[in-house]
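Here is a friendly walk through one protein model, written for someone who likes cut-offs spelled out. Please keep the viewer open as you read.

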Amino acid sequence: MTQQAAASAAQLGRRIQNPASWSLRRRLLVVVGVLFAVLTAAVAIASVITMRVVLESRLDEQLLEVSGRATVSVQRALNTGDLATVDPAITPSGALIAVQEGDALGTNFIMNRIGQQFGLSERDQEMVLEAQTDAVTSVQLPSYGAYRVIARDLGGVRVIVGVSMAEANQTLAALAFVIAASAAAATVLVLMLGDGIIRQALRPLTSVIATTERISQLPLASGDAQLTNRVRIEDPASEVGRVQESMNRMLSHIEEAFDARSMSERRVRQFVADASHELRTPLAAVRGYAEITRKHDDGLSPDARESLGRIEAAARRMQALVDDLLLLARLDEGRELERGEVDLSLLVVEAVADAQAAGRAHPISLELPEEPVVVAGDALRLQQAIANLLANARVHTPRGTAIDVALRSEGDIAVVDIVDAGPGIPPEQQSTVFERFARGDRSRSRETGSSGLGLAIVQAIVDAHHGAISLASQPGRTAFTVRLPLWQIGPATEAAAAPAGHTAHHGDPIPASVPEPRTTDAP
């Protein structure tokens, strides 16, 4: 679970980092939020800058007024020779008055609210001396903060007057905080309202998405799907309404095409089934008359007897082809197979034994698990599928080619591997080997030709058992892998099970003559 959560978190992180994977609603919401935030920030910055200019203008006016009174008071003090007689009442709270005599400050102090005076430190004095004559500037005093200062020349003595910017800065900070808090709250409110509005606006598109998702889950390839889903049109005049209307028309056309295709396929399957069924009687008659004629072939010439043998071989071949076509037609019609508990281990053993008897020139090895592998299905059809795969490996490989058969379980899936060491299947033909009447190259063809239905029957049988078959081929190794669901034993099945345990072929007990070794090799 931890790994799954980590993988989900990583996937979410990649989606967040990749805006191209965002939904339309998220993109619109992000765009609205970003635009609102940018506009709000621009308005906030403009407001703070404007307020700062206004406050500085008022401070400058106050500074000019204070500097005039302070200059008069200092001039009077210079005439009396006592700078300490500067009247604190002429300066507002926190104002700065400094007298520069030569290159240093002779007398400097800062007035507080009750008229007390505080001197300037050396660093403060250095900053105060940067004040320009008859020009307002801003200085940052390490001990007292920001000041707007101006210097007046009294003939060899400069009077420097400053007004504190603390209240103005506090006002600006409070204004910025209020604007930021209001902007944040407004952004959240806009996102919430925008999300609701966007959801409401995109609700018709949501219904389109839901309909397409339902259609995507239908088994369209099987031809049995019913495209009855339609999108409910809320506003035909809107752009989304026109999209919905176009989609409904498209679905109607697709449904008509599917119905036509399904009808055509049913007709073809019915024709094949009827034709195969009707051909069985004349073929049986041909074989019967050929057998009767062979019983009385004493008066036949050698050429006639050879022709009779070819007639019998052709009739048998046609009979096998008709039976294969009839089986495929029945499987295509979806006829229910017999369902029962099938011992796949025993079935594979019997199929390998039959293949060894039919083709001694191909050594076959068999590997089985220690425990029987039981699946649910039709034992006769499953045996036919395994037999077809073994026959395919025998007839399409040179004499002496080894064939390996292995049976195993993977979770709740039974896996059968049939591997031959033949020349392999060309890559361009591997995608068509399971098609009907598919033919390989000469190295993998029967000497007398093949019907090309063997592997198609295998795939039809495996699909009917809800399994899967795959092919992996290269020169020197061709592997067919069949996967079938295991038999699921429930409480009722366990209670009804016989003491002997396992059964096969629709409940027949496993005969005692079944070979016990797990691996066998044909001579």
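The report below goes from the whole chain to selected local details.

## Ground rules

This is a predicted model, in which local features need pLDDT of at least 70 and side-chain atom pairs count only at pLDDT 80 or more, while totals for chains, interfaces and linings use all residues. Residues are numbered from 1 along each chain as its sequence is written, and side-chain values use heavy atoms, with hydrogens and water left out.

## The chain as a whole

Of its 523 residues, 35% are buried. Here buried means under 20% relative accessible area, exposed means over 50%, and partly exposed is in between, using a 1.4 Å probe and protein chains only.

The accessible surface comes to about 30300 Å², and 57% of that belongs to carbon and sulfur atoms. These areas come from the Shrake-Rupley method with a 1.4 Å probe, and for residues only the protein chains shown count as cover. Among contacts (heavy atoms within 4.5 Å) with a separation of 6 or more, 63% join residues 24 or more positions apart.

## Confidence

The predictor's confidence in each residue, pLDDT, runs from 0 to 100. The protein chain averages 76, and 77% of the residues score at least 70. Residues 441–449 stay under 50, and the model has 19 contacts for them beyond four places in sequence. Residues 491–523 are also below 50, with 47 contacts in the model beyond near neighbours in sequence. Where pLDDT is low, the predicted coordinates should not be read in detail.

## Helix 7

At the start of helix 7, a side-chain oxygen of D343 comes within 3.0 Å of the backbone nitrogen of S345. S345 is buried, and other buried residues of this helix include L344, L346, L347 and V348.

## An aromatic pair

Rings of Phe, Tyr and Trp (its six-membered ring) pair if their centres lie within 6.5 Å; planes under 30 degrees apart count as stacked, over 60 as edge-to-face and the rest as tilted. By this rule there is one aromatic pair. The ring centres of F434 and F480 are 6.1 Å apart and their planes stand at 90 degrees, so the pair is edge-to-face. F434 lies in the loop between helix 9 (427–430) and helix 10 (454–464) and F480 in strand 13 (477–485), so the pair ties together parts that are 46 residues apart in sequence. Both F434 and F480 are buried.

S164 is in strand 6 (residues 157–164). A polar atom of the S164 side chain lies 3.1 Å from the backbone nitrogen of A166. Leaving out residues up to four places away in sequence, S164 touches L59, G94, A146 and Y147.

Most residues other than glycine have a negative phi. D134, in the loop between helix 3 (122–128) and strand 4 (137–141), has a positive phi of about 60 degrees. D134 counts as exposed, at 52% relative accessibility. H466 also has a positive phi of about 60 degrees, and it lies in the loop between helix 10 and strand 12 (468–474). With 64% relative accessibility, H466 counts as exposed.

Key: Helices (H or I, at least four residues) and strands (E, at least two) are DSSP runs, numbered from the N terminus. A polar contact is a pair of N or O atoms within 3.5 Å; within protein, one must be able to donate a hydrogen and the other to accept it, and residues adjacent in sequence count only if both atoms are side-chain atoms.
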